[in-house]
Amino acid sequence: VFAGQMFTELSHDRHVINPIEIPSSWKRYIGVDWGFRAPFAVIWGAVDEDGRVWCYRELYQRQVGESVQARMILDAEAGEHISGRYADDALWADRGEAKAISDVYAETGVHLTKAGKGPGSRILGWQRLHSYLAEGPACPHHRALGWVTCPMLHMFPQVENLYREMRDLPYSTKGNPEDSDNAADDHILDATRYMLANLGGGPDFLLDQEAVKD
């Protein structure tokens, strides 16, 4: 913990979990943050019956062209059904006669959906991440260990860059106090908020629905 840390609720003991076999019934999604000199970052998340997200895979590399990026995504998720791939809206931008990056991805077989960036979306994305880091009713794995609650977001150990960026991200010291320092690494965090922001009403909504049923 340090002064100005954005995600003070992050706990390795609670949020990082040894890999489990992900049931085929859980829907899987990815978030994509494009980069070349800056890292190209992708996160995969599976959603369980309680709306909890299990981040189980990441890609994080520099100086990789967009067609190669798309092939890396396809190779990584071979045999899986992905329900949605959400990416920065800037990937749809045309630059003269050059193809939009989203078109290059699509030609390679990776079809993306705009994350829906707009005024305020960055702050709302960070808030959505806070909501998923919060506690909910314990999942079956943690109930078996005697836990009453566990976070609404779990990370496998191999998702190391997501944990590192989340641990190290500070709040901005100028501008919007709810935003992060834009000089800090937030590449796979951006990919994660693109994904989480498109998962319906988020964990608070899902937990409210469970309370109504009870």
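## Contacts and overall form

Of the contacts in the protein chain with a separation of 6 or more, 67% are between residues 24 or more positions apart; contact means heavy atoms within 4.5 Å. The model is predicted, so local features need pLDDT of at least 70 and side-chain atom pairs count only at pLDDT 80 or more, while totals for chains, interfaces and linings use all residues. Residues are numbered from 1 along each chain as its sequence is written, and side-chain values use heavy atoms, with hydrogens and water left out.

The radius of gyration of the protein chain is 17 Å, which agrees with the value near 17 Å for a compact globule of 214 residues. This radius is taken over C-alpha atoms, and the globule rule is 2.2 Å times the number of residues to the power 0.38. The C-alpha trace spans about 60 × 45 × 30 Å along its principal axes.

## Surface and charge

Buried residues are 48% of the 214 in the protein chain. Buried means under 20% relative accessible area, exposed over 50%, and partly exposed in between (1.4 Å probe, protein chains only). The protein chain exposes about 10800 Å², of which carbon and sulfur atoms supply 50%; areas come from the Shrake-Rupley method with a 1.4 Å probe, and for residues only the protein chains shown count as cover.

There are 21 positive and 32 negative charges, and their mean positions lie 2 Å apart. Lys and Arg count as positive and Asp and Glu as negative, without His and the chain ends; each charge is placed at NZ of Lys, CZ of Arg, CG of Asp or CD of Glu.

## The sheet

The secondary structure comes to 8 helices and 8 strands. These are DSSP runs numbered from the N terminus, with at least four residues (H or I) for a helix and at least two (E) for a strand. An open sheet of 6 strands runs in the order S5-S4-S1-S2-S3-S8, with mixed pairing. Strands S5 (113-114) and S8 (153-155) stand at the edges with a single partner strand each, so one side of each has no neighbour in the sheet. Two strands pair if DSSP finds at least two bridges between them.

S2 (residues 40-47) and S3 (residues 53-61) are antiparallel, paired over 8 bridges. In S3, Leu-59 is the bridge partner of Val-42, and Gln-61 is that of Phe-40. The hairpin of S2 and S3 has 5 residues between the strands, and Gly-51 takes a positive phi near 85 degrees there. S3 also pairs with S8, in the parallel sense over 3 bridges; His-154 in S8 is the bridge partner of Trp-54. Because 8 of the 9 residues of S3 are buried, this strand is largely enclosed by the rest of the structure.

Gln-69 is in helix H2 (residues 66-76) and is buried, with a relative accessible area of 0%. Not counting residues up to four places away in sequence, Gln-69 touches Trp-34, Gly-35, Phe-40, Val-64 and Tyr-105. Gln-127, in helix H4 (residues 121-133), is partly exposed, with a relative accessible area of 45%.

Helix H7 (residues 187-196) is mostly covered, with 10 of its 10 residues buried. Among them are His-187, Asp-190, Arg-193 and Tyr-194.
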